[in-house]
Each structure stands twice: as C-alpha cells, then as structure tokens.
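Dear colleague,

I am handing over the structure below, and my notes on what was found in it follow directly after. Please read them with the coordinates open beside you.

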Amino acid sequence: MTEMKRLDLFPTPILKAVFPDHQNANAALKQAIENKRQSDPEGINRSNQGGWHSDIDMIKWGGPEAQRLGEFAVQTCAAHIADIHKDGKRDFRFIADMWTNVNPPGTHNAHHCHPGAIWSGVYYVDDGGRGDTGGELMLEDPRFPMAYMTVPDIVMRDNAGTPVRAQYSIAPKAGVLVMFPGWLGHSVRPHQGSRDRISIAINLILQPIEK
C-alpha cells in the first residue's frame, strides 16, 4: 500500500473560556448595562436586527467587571498569536473595544465580520433562558460556498474522520467567553428564550508601542 501523509493546513482557532467568578461579575455587568440602556435607550444599529446595541465604549462605562472581562479576553488570546517578523519581536498592546447586545425573543444578528480586529468574541451575561435551541453563534467557513459548488452535501473529512460542515454553531451559556479571528464571518440565530439575552461583544485590536 502506498504511504500517505495528511496535513490539515490553515486552522481557524476558536477559543472558549469560563470567566472566573462570573456569577458575581454578571450581576454587576447587568446593572451597568441597564443603567446605560436607560441613559441611551436608542443605542446604535450595527448587525443587530432588533434589540438594543450599545456604543463600543463599554470598557469605560461598564465598571470594574467590564475592565476585568477585557483583561481576561486579552489573557485568553495573547498566547495564541506570534510575531514572525524578520527583525524579531516587536512590542504591541491590545486595545479592547466592548459593547453589549440586549436581544429580546425573536431578535438576531445578521452575518458580518469585524475588520481591524485581530480577535473578536462574545461573552454571555445571560443566555435568556433559551431552552434547547435559539440564539446560537454561527461561525462560517471563510471558503464557503466553495465546499458546495460541485456536489451539495458532499464535504471533506477532518483528520479525525469527521465530516467538516461549512457552519459551526455555539450555544450561548452565561459565563462563557468565545473568541475567534476578527475576519471570521459570523451571525446569531433568532433568540427563542423566555427573557432578554444579554451578551458583550469584544474586539481586540493590536496597537504598536513606540520605543
């Protein structure tokens, strides 16, 4: 039998982490979000289809727990990047833009990506009592629809033999942070829970440090 080797190239890292002491943190974050919502009931419109979207300065108005969440996102992601520049290691710092989405039942977020961010992600303050379905974060293969251009429903297998689909879903769960490359297309399915789903979106932007 001919010897065969397989390489799975160009991986897309998806990171999931549980925010320490998230029960207490989420109570404080909810209060900060409600205060901001009362002072700015209109919010802004981005990818949100219904619901309320804050400005992107939550790191400033969200209080100590928002700042701690931003630091936790940086710590989660920092070990998963490398500087391969020929002149050696350069110094960068992360700038964290953060905002909140409050999604009543039936609302969702349209497909989009986050230009300018090396990492993007979402933290779930309240999953909204979703039950068994609804409100999933949908991550889309950046090569889509190439995988379906010849024979629909015929897909590649990964190195473990599992069929690779063009979309991957992650169910919301309070206290969980999900981070992914900012260029990765994603959306959020309609929320079907019994109360508002509250999430915090995060962009991590690299800024060079001048020496």
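Two strands are taken to pair if DSSP finds at least two bridges between them, and strands (E, at least two residues) and helices (H or I, at least four residues) are DSSP runs numbered from the N terminus. This is a predicted model, in which local features need pLDDT of at least 70 and side-chain atom pairs count only at pLDDT 80 or more, while totals for chains, interfaces and linings use all residues. Residues are numbered from 1 along each chain as its sequence is written, and side-chain values use heavy atoms, with hydrogens and water left out.

With that in place, strand β6 (residues 119-126) is joined to strand β9 (residues 176-181) by 5 bridges, the two running antiparallel, and within this pairing Trp-119 stands opposite Pro-181 of β9. β6 also pairs with strand β11 (residues 197-208), again in the antiparallel sense, over 7 bridges, where Tyr-123 is set opposite Ile-200 of β11. Because 8 of the 8 residues of β6 are buried, the strand is largely enclosed by the rest of the structure; buried here means under 20% relative accessible area, exposed means over 50%, and partly exposed lies in between (1.4 Å probe, protein chains only).

β11 also contributes Leu-206, which at 31% relative accessibility counts as partly exposed. Together with Ile-81, Phe-92 and Ile-118, Leu-206 makes a nonpolar surface patch of about 260 Å².

A separate topic is the open sheet, in which 5 strands follow the order β2-β5-β10-β7-β8 with antiparallel pairing. β2 (48-49) and β8 (167-170) stand at the edges with a single partner strand each, so one side of each is left without a neighbour in the sheet. Strand β7 (residues 137-140) is joined to β8 by 4 antiparallel bridges, and Glu-140 stands opposite Gln-167 in β8.

Finally, in helix α3 (residues 63-78), the buried residues are Glu-65, Ala-66, Leu-69, Gly-70, Phe-72, Ala-73, Thr-76 and Cys-77. They cover an arc of only 160° around the axis, which puts them on the same side of α3, the arc being that of the directions from the helix axis to the C-beta atoms. The face turned away from this buried side carries the exposed residues Pro-64 and Gln-75.

Best regards

Note on methods: Patches are made of residues with over 30% relative accessible area and no salt bridge: like charges are joined within 9 Å, nonpolar side chains (Val, Leu, Ile, Met, Phe, Trp, Tyr) within 5 Å. Accessible areas come from the Shrake-Rupley method with a 1.4 Å probe; for residues, only the protein chains shown count as cover. A salt bridge is a side-chain nitrogen of Lys or Arg within 4 Å of a carboxyl oxygen of Asp or Glu.
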